[in-house]
Amino acid sequence: MSALLLLAAEPKVSLTAQTRILAAILALAFMLLILELIRRDKLQERYSVVWFVAGVGMLVGAAFPGLLSVVADVMGVRDTNVALFSIVLLLLLGLALNFSVIMSRQAAQITRLAQERALEKARTQGPLDSNGNAPSAEGAGEAESQSSRS
Amino acid sequence: MGELLVLSTLVFIPAWNEEASVGAVIADVQTQIPSADVLVVDDGSLDATAERAREAGARVASLPFNQGLGAALQTGYLYALRQGYDFCAHLDSDGQHPASEVARLLEEVVADRADLVLGSRYRDKGDGEPADGDDYKPTISRRIGTSVFRFFLTLATRQRFTDTTSGMRAANRRVMSLFSENYSPDFAEIESLQLAVRQGLRVEEVPVRMLERVEGTSFLTPLRSAFFIFKGLIVLLVGMFRPRSVEVER
């Protein structure tokens, strides 16, 4: 289907072989970078998928530059550059929003974690007695029964 | 007050770098509400707040890093809920809130006249006089912020509140279980009121006497105030479209 459209479309986008090879190399290097980051535990697999998709997109763009004019036609945009930039911009916007959502969730988790730790410590180490010593054992037992209830 | 002796009460004090005043506040609570346990929620203080609090005989829950007032208050509610307290109250750690007034708020919840009681420094005491204008003089930005919130909160809850950001409150277990799960870390004071009213809880304001700050300065600068108000409005707007009955008990 897309191949037919591709043949039908005017070759509005024309890249030299040199540019296309360079673009393909960049795309491959980008994907290798993602793999390397995962290997070094700097990026979790679950957050790498979207970047692989981006890398594949770059590779496809390098292999079939005519595809962009098809997309531009579908969007009703005359200038293929405008189509390219608006697509990339929207994707990045969505990605940034996605990260804000993830960040908010993690902030809430961190807060709850901090609270749980604070409560745990408050249960085990009660107020100092009049001599300034921490009261002993009973606090710890109480903490155990409390945590099983919660 | 007699009932306070039978039923267990927790008074908690969120504190952030208040080593100078926290001891006196604890002593005040211990004198005025002797039957209550005192918990200081140390919100990642860098000074000796936790040590001063422990020396004064309070339990201390120390958050490992500063999380903001909302998270600190929620920690207190969570503690009260899990430790099985019947009632809880909280007041500021800077000495603005006399514990004798907190005791009056507690009486309201113990008498079951309300689920959540706020101490208001603005609401008239009934005799026509504004509530102790001599004791408490709010700054201009504080006054503007307060009236903006008052307006929107009234709109959102259809109940009149005068002192929306009051940090002096008393609550029963229904409020504890609600607040320990649903409490906006960004905008604790306003959203919690809206939430409580929407859940059908009885929220009541009681006029109280407040004092000038003993130590430290208010965290509100003009820019922060603007940001504060902006966040508050978003919170209120979103809150209006939240589902009405959230699961209260886990």
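A residue is called buried if 20 or more other C-beta atoms lie within 10 Å of its own, exposed if 12 or fewer do, and partly exposed in between, with the C-beta atoms placed from the backbone. By this rule, 50% of the 250 residues of chain B count as buried. The structure is a predicted model, in which local features need pLDDT of at least 70 and side-chain atom pairs count only at pLDDT 80 or more, while totals for chains, interfaces and linings use all residues. Residues are numbered from 1 along each chain as its sequence is written, and chains are lettered from A and ligands numbered from 1 in the order in which they are written.

Chain B contains nine helices and seven strands; helices (H or I, at least four residues) and strands (E, at least two) are DSSP runs, numbered from the N terminus. Two residues are in contact if their C-beta atoms, placed from the backbone, lie within 7 Å. Among the contacts in chain B between residues at least 6 apart in sequence, 75% join residues at least 24 apart.

B:R158 lies in the loop between α6 (140-157) and β6 (169-172) of chain B. B:R158 counts as exposed because it has 8 C-beta neighbours inside 10 Å. From B:R158 to B:V197 there are 39 residues in sequence, and their C-alpha atoms are 9.0 Å apart in space.

We now turn to the meeting of the two chains. The contact takes 13 residues from chain A and 21 residues from chain B. On the side of chain A that touches chain B, helix α5 (residues 80-124) gives the most, with eight residues.

The axes of α5(A) and helix α4 (residues 69-82) of chain B come within 10 Å and cross at roughly 50°; axes are lines fitted to C-alpha atoms, for helices over the stretch in contact, and angles run from 0 to 180 degrees between N-to-C directions. The two helices are therefore oblique to each other, since angles under 35 degrees count as roughly parallel, over 145 as roughly antiparallel, 65 to 115 as roughly perpendicular and the rest as oblique. Their contact is made by residues including A:T111, A:Q115 and A:L119 of α5(A) and B:Q74, B:L78 and B:R82 of α4(B).

Elsewhere in chain A, α2(A) is followed by A:D41, whose phi is positive, near 60°.
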